[in-house]
Amino acid sequence: MKRVTLTFDNGPTPGITNHVLDVLKAHGVRVTFFVVGKHLLLPEARGLAQRAHREGHWIGNHSMTHGVPLGDRPDREVAEREIGDVDTLLGPLAHEARLFRPNSRGTLGPHALSPAARDHLVAHRGTLVLWTHIPRDRGVAADAWVTDAQHASRDSDWPLLVLHDRPSGHDVPAGAMAFLERYLMWARDSGIEFVQDFPDTCVPIRRGEVRMPLTPHVRGLQA
(Lines give C-alpha, C1' and ligand atoms only; values in the text may rest on other atoms or scores of the structure.)
Protein backbone atom coordinates (compact mmCIF):
# COMPACT_ATOMS: atom_id res chain seq x y z
CA MET A 1 0.00 0.00 0.00
CA LYS A 2 1.20 3.51 -0.81
CA ARG A 3 2.44 5.48 2.24
CA VAL A 4 2.25 9.23 2.78
CA THR A 5 3.34 11.25 5.81
CA LEU A 6 1.43 14.48 6.46
CA THR A 7 2.83 17.34 8.52
CA PHE A 8 1.56 20.82 9.32
CA ASP A 9 3.74 23.88 9.92
CA ASN A 10 3.34 27.39 11.36
CA GLY A 11 0.42 26.92 13.77
CA PRO A 12 -1.40 26.56 16.00
CA THR A 13 -3.91 29.05 14.57
CA PRO A 14 -7.39 29.40 16.10
CA GLY A 15 -10.04 28.99 13.41
CA ILE A 16 -7.73 26.89 11.24
CA THR A 17 -5.97 24.31 13.41
CA ASN A 18 -9.25 23.34 15.08
CA HIS A 19 -10.78 22.75 11.62
CA VAL A 20 -7.78 20.64 10.61
CA LEU A 21 -8.09 18.60 13.81
CA ASP A 22 -11.81 18.02 13.19
CA VAL A 23 -11.14 16.74 9.66
CA LEU A 24 -8.23 14.54 10.71
CA LYS A 25 -10.30 13.02 13.50
CA ALA A 26 -13.19 12.31 11.16
CA HIS A 27 -10.87 10.42 8.81
CA GLY A 28 -8.75 8.70 11.45
CA VAL A 29 -5.52 10.32 10.25
CA ARG A 30 -2.67 11.22 12.58
CA VAL A 31 0.00 13.74 11.63
CA THR A 32 2.79 15.87 13.09
CA PHE A 33 2.26 19.53 13.88
CA PHE A 34 5.45 21.61 13.84
CA VAL A 35 4.45 24.58 15.96
CA VAL A 36 5.87 28.10 16.20
CA GLY A 37 6.81 28.82 19.79
CA LYS A 38 5.47 32.36 20.01
CA HIS A 39 1.97 31.05 19.25
CA LEU A 40 2.11 28.81 22.31
CA LEU A 41 2.20 31.93 24.49
CA LEU A 42 -1.46 32.51 23.54
CA PRO A 43 -3.85 30.38 25.63
CA GLU A 44 -6.22 29.51 22.78
CA ALA A 45 -3.40 28.41 20.51
CA ARG A 46 -1.74 26.37 23.26
CA GLY A 47 -5.11 24.72 23.87
CA LEU A 48 -5.10 23.58 20.25
CA ALA A 49 -1.64 22.05 20.66
CA GLN A 50 -2.88 20.27 23.78
CA ARG A 51 -5.90 18.95 21.87
CA ALA A 52 -3.66 17.72 19.04
CA HIS A 53 -1.49 15.89 21.56
CA ARG A 54 -4.52 14.31 23.25
CA GLU A 55 -5.80 13.07 19.90
CA GLY A 56 -2.58 11.23 19.11
CA HIS A 57 -0.80 13.71 16.86
CA TRP A 58 2.90 14.33 17.28
CA ILE A 59 4.06 17.83 18.22
CA GLY A 60 7.34 19.19 16.89
CA ASN A 61 9.32 22.41 17.15
CA HIS A 62 9.30 24.91 14.25
CA SER A 63 11.38 27.63 15.99
CA MET A 64 10.33 30.35 18.37
CA THR A 65 9.75 33.22 15.94
CA HIS A 66 9.76 31.68 12.43
CA GLY A 67 12.03 34.55 11.46
CA VAL A 68 15.33 34.68 9.57
CA PRO A 69 16.59 31.14 8.80
CA LEU A 70 19.09 29.88 11.33
CA GLY A 71 21.77 29.42 8.69
CA ASP A 72 21.86 33.21 8.40
CA ARG A 73 22.02 33.66 12.19
CA PRO A 74 25.21 31.95 13.36
CA ASP A 75 25.21 33.02 17.02
CA ARG A 76 24.86 30.20 19.53
CA GLU A 77 22.45 32.29 21.58
CA VAL A 78 20.07 32.43 18.60
CA ALA A 79 20.07 28.65 18.27
CA GLU A 80 19.43 28.25 22.00
CA ARG A 81 16.53 30.69 21.86
CA GLU A 82 14.93 29.55 18.61
CA ILE A 83 15.16 25.83 19.38
CA GLY A 84 15.69 25.42 23.12
CA ASP A 85 13.06 27.89 24.28
CA VAL A 86 10.38 26.12 22.23
CA ASP A 87 11.33 22.75 23.70
CA THR A 88 10.84 24.31 27.13
CA LEU A 89 7.46 25.78 26.16
CA LEU A 90 6.29 22.48 24.75
CA GLY A 91 7.18 20.51 27.84
CA PRO A 92 5.15 17.27 27.95
CA LEU A 93 3.49 18.07 24.62
CA ALA A 94 6.75 17.45 22.75
CA HIS A 95 7.44 14.16 21.01
CA GLU A 96 10.09 12.15 22.87
CA ALA A 97 12.44 12.38 19.88
CA ARG A 98 12.48 16.21 20.15
CA LEU A 99 11.35 16.79 16.57
CA PHE A 100 12.61 20.00 14.95
CA ARG A 101 11.91 21.45 11.54
CA PRO A 102 13.83 24.61 10.62
CA ASN A 103 12.23 27.59 8.98
CA SER A 104 14.00 27.70 5.63
CA ARG A 105 11.37 29.64 3.68
CA GLY A 106 10.08 26.64 1.80
CA THR A 107 13.35 25.51 0.21
CA LEU A 108 16.01 23.07 1.35
CA GLY A 109 19.56 24.37 1.55
CA PRO A 110 22.40 25.40 3.86
CA HIS A 111 20.46 28.47 4.97
CA ALA A 112 18.33 26.11 7.08
CA LEU A 113 20.79 25.65 9.95
CA SER A 114 23.89 27.16 11.48
CA PRO A 115 26.67 25.03 12.97
CA ALA A 116 25.42 26.18 16.38
CA ALA A 117 21.93 24.91 15.59
CA ARG A 118 23.39 21.59 14.44
CA ASP A 119 25.38 21.34 17.66
CA HIS A 120 22.28 22.11 19.73
CA LEU A 121 20.28 19.35 18.08
CA VAL A 122 23.06 16.81 18.55
CA ALA A 123 23.72 17.78 22.17
CA HIS A 124 20.03 17.66 23.11
CA ARG A 125 19.28 14.45 21.19
CA GLY A 126 17.07 16.30 18.75
CA THR A 127 15.64 14.99 15.49
CA LEU A 128 15.87 17.08 12.33
CA VAL A 129 12.83 16.51 10.11
CA LEU A 130 12.84 17.82 6.53
CA TRP A 131 10.40 16.98 3.72
CA THR A 132 10.00 15.86 0.12
CA HIS A 133 7.24 18.19 -1.08
CA ILE A 134 5.41 21.38 -0.11
CA PRO A 135 2.06 21.75 -1.90
CA ARG A 136 1.63 25.47 -2.47
CA ASP A 137 -1.29 26.20 -0.19
CA ARG A 138 -0.89 29.96 -0.62
CA GLY A 139 -1.55 29.77 -4.35
CA VAL A 140 -3.95 31.74 -6.50
CA ALA A 141 -6.90 29.44 -5.73
CA ALA A 142 -7.58 28.12 -2.25
CA ASP A 143 -7.93 24.56 -3.49
CA ALA A 144 -5.01 24.56 -5.93
CA TRP A 145 -2.73 22.77 -3.46
CA VAL A 146 -4.94 19.67 -3.55
CA THR A 147 -3.93 18.77 -7.11
CA ASP A 148 -0.28 19.37 -6.22
CA ALA A 149 -0.58 17.10 -3.18
CA GLN A 150 -2.31 14.41 -5.25
CA HIS A 151 0.52 14.38 -7.79
CA ALA A 152 3.16 14.12 -5.05
CA SER A 153 1.23 11.40 -3.24
CA ARG A 154 0.75 9.35 -6.38
CA ASP A 155 4.09 9.82 -8.10
CA SER A 156 6.62 9.74 -5.24
CA ASP A 157 7.89 6.87 -3.11
CA TRP A 158 6.71 7.61 0.45
CA PRO A 159 6.40 11.41 0.21
CA LEU A 160 6.53 13.61 3.30
CA LEU A 161 4.23 16.57 2.67
CA VAL A 162 4.19 19.95 4.38
CA LEU A 163 0.87 21.76 4.71
CA HIS A 164 0.22 24.86 6.81
CA ASP A 165 -2.36 25.49 9.52
CA ARG A 166 -1.94 29.24 9.21
CA PRO A 167 -3.75 32.03 7.33
CA SER A 168 -3.42 31.45 3.61
CA GLY A 169 -4.79 34.71 2.23
CA HIS A 170 -7.91 33.03 0.85
CA ASP A 171 -11.35 34.35 1.70
CA VAL A 172 -12.90 31.03 2.72
CA PRO A 173 -13.41 29.61 6.22
CA ALA A 174 -10.20 27.93 7.37
CA GLY A 175 -8.41 29.22 4.26
CA ALA A 176 -6.71 26.65 2.06
CA MET A 177 -7.25 23.98 4.71
CA ALA A 178 -10.98 24.15 3.98
CA PHE A 179 -10.11 21.66 1.22
CA LEU A 180 -8.19 19.20 3.40
CA GLU A 181 -11.12 16.78 3.43
CA ARG A 182 -11.16 16.70 -0.37
CA TYR A 183 -7.54 15.53 -0.38
CA LEU A 184 -8.09 12.95 2.36
CA MET A 185 -11.10 11.48 0.60
CA TRP A 186 -9.12 11.22 -2.64
CA ALA A 187 -6.29 9.51 -0.75
CA ARG A 188 -8.69 7.01 0.81
CA ASP A 189 -10.20 6.19 -2.56
CA SER A 190 -6.69 5.83 -4.02
CA GLY A 191 -5.64 3.25 -1.43
CA ILE A 192 -3.16 5.54 0.34
CA GLU A 193 -2.15 4.86 3.94
CA PHE A 194 -1.17 7.82 6.12
CA VAL A 195 1.69 7.07 8.52
CA GLN A 196 3.23 9.22 11.24
CA ASP A 197 6.84 8.12 10.89
CA PHE A 198 9.22 9.87 8.51
CA PRO A 199 11.25 8.48 5.60
CA ASP A 200 14.90 8.07 6.61
CA THR A 201 15.93 10.37 3.76
CA CYS A 202 14.06 13.22 5.48
CA VAL A 203 15.77 12.74 8.87
CA PRO A 204 19.47 13.70 8.70
CA ILE A 205 19.67 13.75 12.52
CA ARG A 206 17.66 11.30 14.60
CA ARG A 207 17.75 11.51 18.40
CA GLY A 208 21.07 13.36 18.26
CA GLU A 209 22.72 10.91 15.87
CA VAL A 210 23.87 12.32 12.53
CA ARG A 211 22.65 9.82 9.92
CA MET A 212 23.78 11.49 6.68
CA PRO A 213 26.00 14.36 5.50
CA LEU A 214 24.79 17.73 6.76
CA THR A 215 26.61 19.99 4.32
CA PRO A 216 23.43 20.46 2.22
CA HIS A 217 21.58 21.78 5.28
CA VAL A 218 24.14 23.63 7.45
CA ARG A 219 25.79 26.92 6.47
CA GLY A 220 29.59 26.88 6.40
CA LEU A 221 30.29 23.14 6.69
CA GLN A 222 33.01 21.76 4.48
CA ALA A 223 32.09 18.86 2.19
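Angles under 35 degrees count as roughly parallel, over 145 as roughly antiparallel, 65 to 115 as roughly perpendicular and the rest as oblique. This is a predicted model, where local features need pLDDT of at least 70, side-chain atom pairs count only at pLDDT 80 or more, and totals for chains, interfaces and linings use all residues. Residues are numbered from 1 along each chain as its sequence is written, and side-chain values use heavy atoms, without hydrogens and water.

**Entry 1: α3 and α4.** I looked up helix α3 (residues 76–90) and helix α4 (residues 115–123); their axes come within 8 Å and cross at roughly 40 degrees. The two are therefore oblique to each other. I asked which residues of α3 and α4 make the contact (heavy atoms within 4.5 Å). From α3 come Arg76, Ala79, Glu80, Ile83, Gly84 and Asp87, and from α4 Ala116, Ala117, Asp119, His120 and Leu121.

**Entry 2: α5 and α6.** Next I checked helix α5 (residues 144–155) against helix α6 (residues 180–189), and found an angle of about 25 degrees with the axes 10 Å apart. That makes α5 roughly parallel to α6. In α5, Trp145, Val146, Ala149, Gln150, Ser153 and Arg154 meet Leu180, Arg182, Tyr183 and Trp186 of α6.

**Entry 3: the largest pocket.** A pocket here is an open set of points on a 1 Å grid where a 1.4 Å probe fits, with protein on both sides within 12 Å along at least five of seven lines; lining residues have an atom within 4 Å of a point. The largest pocket holds about 220 Å³ of space. I found 20 lining residues, with Arg105, Gly106, Ile134, His164 and Arg166 nearest its centre.

Key
Axes are lines fitted to C-alpha atoms, for helices over the stretch in contact, and angles run from 0 to 180 degrees between N-to-C directions. Helices (H or I, at least four residues) and strands (E, at least two) are DSSP runs, numbered from the N terminus. Grid points are joined across faces, edges and corners, and a volume is the space filled by probe spheres set on the points.
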